[in-house]
Amino acid sequence: MRALLLLACGFAAGWAAAAWRARRLTQTRARMLSFVSHELNTPVTSLRMTVSNFLNGVFGPVPEEQKPWFDLLNEQMSRLGALVGDLRDFIHLEMHRDLQLNRERVRLCELSQKVVDELREGFARADIVLQVEGLDALPETEADPERIERVLFAMLLHARKFRLRGPVRVLTAASGAARIEVRYEGPKPEPGYAQAALDLYYPARRPESQVLASTGLGLGLAARVAELHGGRMTLEVDPDGRAAIALELIRS
């Protein structure tokens with residue numbers, strides 16, 4: 001009996017030590033990734049500002065034949081900046097468990113228009129009509145502007161990636177909650193696709209599905225950020241592929 005008790009105590013001590021080492025390793029990796037994302041953010045921000053200054057004529061007029069390339073650079077740098085921000089949020093959400101929102105009074109109409117303007121050229125290059133209705137009706141609310149901007153970015157990029165035909169439409173509603181909706185016609189969905197596409201870890205579980213795996217952190221992380229704001233994100237897809245991604249934020 002004494003031998004069994006000693007064996008059990010030894011097993012428990014070993015398990016506790018292994019768990020402590022695992023937590024320590026996770027914390028070390030989280031700190032390293034945090035440092036990397038911070039270092040990446042500095043050059044990305046500098047490059048975005050430089051490209052923006054070129055487009056705004058700070059360094060002189062940009063020749064018309066070169067402007068499309070600067071527009072392309074501007075969009076891709078915005079995407080890169082959003083990816084770095086998403087990586088940083090993922091680390092704090094899932095590893096540090098300390099993601100905090102930086103709330104302030106936000107004019108959703110201006111924020112939404114900024115995202116649309118940054119992506120409009122990309123939609124045009126893809127020969128996709130981007131229709132926008134009712135942005136002026138969006139109210140002010142308390143939110144983290146950087147993160148909500150990235151949520152809207154993810155919604156529009158998802159629609160552009162999976163749209164098969166017709167325009168991509170951005171619609172709004174401001175009764176009770178501020179609602180921004182992106183509609184498009186995409187492929188016919190697989191069973192459970194709409195719910196799974198909002199799962200942060202879904203792509204890792206089903207890498208064989210290129211459509212589902214390529215959603216990346218985009219909608220999954222965006223849905224979590226919406227929840228942190230006290231709102232929600234939904235994705236509805238009918239059997240013919242008509243889809244609607246919606247973000248709802250509580251008016252305040």
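Reader: How do α2 and α4 cross, left-handed or right-handed?

Author: In this predicted model, the crossing of α2 and α4 is left-handed.

Reader: What numbers describe two packed helices?

Author: You give the angle between their axes and the distance between those axes. Here, helix α2 spans residues 67–96 and helix α4 spans residues 145–162. They pack at an angle of about 120 degrees, and their axes are 10 Å apart. Angles of 65 to 115 degrees count as roughly perpendicular and those over 145 as roughly antiparallel, so α2 and α4 are oblique to each other.

Reader: Okay, which residues in α2 meet α4?

Author: On the α2 side, look for Glu-75, Ser-78, Arg-79, Ala-82, Gly-85, Asp-86, Arg-88 and Asp-89. They meet Glu-146, Arg-147, Arg-150, Phe-153, Leu-157 and Arg-160 in α4. Sorted by class, this contact has 9 charged, 3 nonpolar and 2 polar residues.

Reader: And the largest nonpolar core: which residues touch the most other members?

Author: That core has 45 residues, and the ones touching the most other members are Met-155, Leu-156, Val-168, Tyr-184, Met-233 and Leu-235. Helix α4 turns up again, giving the most to this core with 10 residues. Other elements that each supply at least two residues include α3 (108–125), β4 (165–173) and β5 (177–185).

Reader: What does Met-155 touch?

Author: Leaving out residues up to four places away in sequence, Met-155 touches Ile-180, Val-182, Leu-219, Met-233, Ile-245, Ala-246 and Leu-247. There's also a second, separate core of 5 residues, with Phe-90, Leu-99, Leu-200 and Leu-221 among them.

How values were computed: Residues are numbered from 1 along each chain as its sequence is written. This is a predicted model: local features need pLDDT of at least 70, side-chain atom pairs count only at pLDDT 80 or more; totals for chains, interfaces and linings use all residues. Side-chain values use heavy atoms; hydrogens and water are left out. Axes are lines fitted to C-alpha atoms, for helices over the stretch in contact, and angles run from 0 to 180 degrees between N-to-C directions. Helices (H or I, at least four residues) and strands (E, at least two) are DSSP runs, numbered from the N terminus. Angles under 35 degrees count as roughly parallel, over 145 as roughly antiparallel, 65 to 115 as roughly perpendicular and the rest as oblique. A crossing is left-handed if the near helix is turned anticlockwise from the far one by less than a right angle, and right-handed if clockwise. Contact means heavy atoms within 4.5 Å. Ala, Val, Leu, Ile, Met, Phe, Trp, Tyr, Cys and Pro count as nonpolar, Asp, Glu, Lys and Arg as charged, and the others, Gly among them, as polar. A nonpolar core is a set of buried Ala, Val, Leu, Ile, Met, Phe, Trp, Tyr and Cys residues joined through side-chain atoms within 4.5 Å. Buried means under 20% relative accessible area, exposed over 50%, partly exposed in between (1.4 Å probe, protein chains only).
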